[in-house]
Amino acid sequence: MRIDFSIDRLSGGGAERVMVTVANALAKNHEVRLITFNDGDQYSVSNNVRRIKLHEGSIKNHKLRSIVNLFRFYKKQEPKPDILISFMPPNGFIAIIVGLLLKIDVIVSEHINHTFNRKNKKDIFIQKYLYRFAGFITVLTGYDVEYFSKMGAKVTVMPNPVSIPNHIKLFKEREKSILLVGSLDRYHQKGFDNFLPVVAPVLKKHPDWTLRILGGGSTGLPYLKNIAQGLGIENHIKFEGFCPNVFEIMQNSQIFVLPSRHEGLPMGLMEALSNGMACVAYDCVSGPSELIEHRVNGLLVENQNAEAMEENLTSLLENESLRLDLAKKAPESMKKFSLSEIIGKWETLFKELSTD
């Protein structure tokens, strides 16, 4: 099949990482292109995936420029793609409009639960009035199915895929480090601002441990550094910026924390589990409870209960056998989200779409 993916840019976010992973995998059996509308590549695609950059144009309005560029690009193309897959509402808007004009089947993938966007009137408008015209809307968990179905959309659950390493580094060889992963500019959603006061007394009590924060962000970095300085823990934290070698760092770290206020199906947590880390997460709406069984492959903490998070984190630091037990069971629990399993779900979806 001829399959196109479209997204604003390949910046360092989880949705972008998922798109590249899925596109690379599908390119082994299909003709795949990945289209962006703006500069900012942080991820590289397989040589089997053709990159299309529709970044030019004098139209100031981003969405209108992107619609015009994509429409003109496809008007020159014969044959056109069988399917156009776009991630998140703003990009879905562009794909659906062009798809309707040129009769191209469109799939839009949501990558956050619907409660997170309740204040975003533009996204809600797109979801309410345009999603019904897409061939399918994919959501990360069953939590969102009813919400989008009521809007007249055809909805299916499509979890994020995760690569499970063939070799996992021995736990005893890893550094005593606690890991956070995510865009620093989205510190509120990711809960980084609330987590620093939680981890401060833990780090002061256990000075042999280090907090490593992976993720870029021009506004979030100085904000979080200022919080760390106010708490007196700046020397216990390493802000490492955007890191393409996340797996390597995870396999050299022992504990992963997900302090998010909102998630879809968090890639960082999935990758940490697959790399054999001892994980603790707030049980925020959708996501963590799909991945963690409490005290089996990780720890789930009542959402935004700072006292409970501090207690659970402290228990992980002070109980080596608990850390090791959780870490041993983590990779096995991610097999149902393996890349081969999820690509199989995409292939089934394509067949269903082609028979409609």
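Contact here means heavy atoms within 4.5 Å, and helices (H or I, at least four residues) are DSSP runs numbered from the N terminus. The model is predicted, so local features need pLDDT of at least 70 and side-chain atom pairs count only at pLDDT 80 or more, whereas totals for chains, interfaces and linings use all residues. Residues are numbered from 1 along each chain as its sequence is written, and side-chain values use heavy atoms, with hydrogens and water left out.

Q: Which residues make the contact between α1 and α14?
A: Thr21, Val22, Ala25 and Leu26 of α1 meet Leu339, Ile343, Trp346, Glu347 and Phe350 of α14. By class, this contact of α1 with α14 has seven nonpolar residues, one polar and one charged (Ala, Val, Leu, Ile, Met, Phe, Trp, Tyr, Cys and Pro count as nonpolar, Asp, Glu, Lys and Arg as charged, and the others, Gly among them, as polar).

Q: Why are α1 and α14 called roughly perpendicular?
A: The axes of α1 (residues 14-26) and α14 (residues 339-355), which are lines fitted to C-alpha atoms over the stretch in contact, cross at roughly 75° and come within 11 Å. Angles of 65 to 115 degrees count as roughly perpendicular, under 35 as roughly parallel, over 145 as roughly antiparallel and the rest as oblique, and α1 and α14 are therefore roughly perpendicular to each other.

Q: What makes α3 oblique to α4?
A: Helix α3 (residues 89-102) packs against helix α4 (residues 121-129) at an angle of about 45°, with the axes 9 Å apart. That angle makes α3 oblique to α4. In this packing, Pro89, Pro90 and Phe93 of α3 meet Asp123, Ile126 and Gln127 of α4.

Q: Why is cysteine 284 called buried?
A: Buried means under 20% relative accessible area, exposed over 50% and partly exposed in between (1.4 Å probe, protein chains only), and cysteine 284 has a relative accessible area of 2%, so the residue is buried. Cysteine 279, at 0% relative accessibility, also counts as buried.

Q: What makes aspartate 8 buried or exposed?
A: Aspartate 8, which lies in the loop between β1 (2-7) and α1, has a relative accessible area of 18% and is therefore buried. Not counting residues up to four places away in sequence, aspartate 8 touches Thr36, Phe37, Asn38, His62 and Asn91.

Methods:
Axes fitted to C-alpha atoms, helices over the stretch in contact; angles between N-to-C directions. Helix = DSSP H or I, 4+ residues; strand = E, 2+ residues; numbered from the N terminus.
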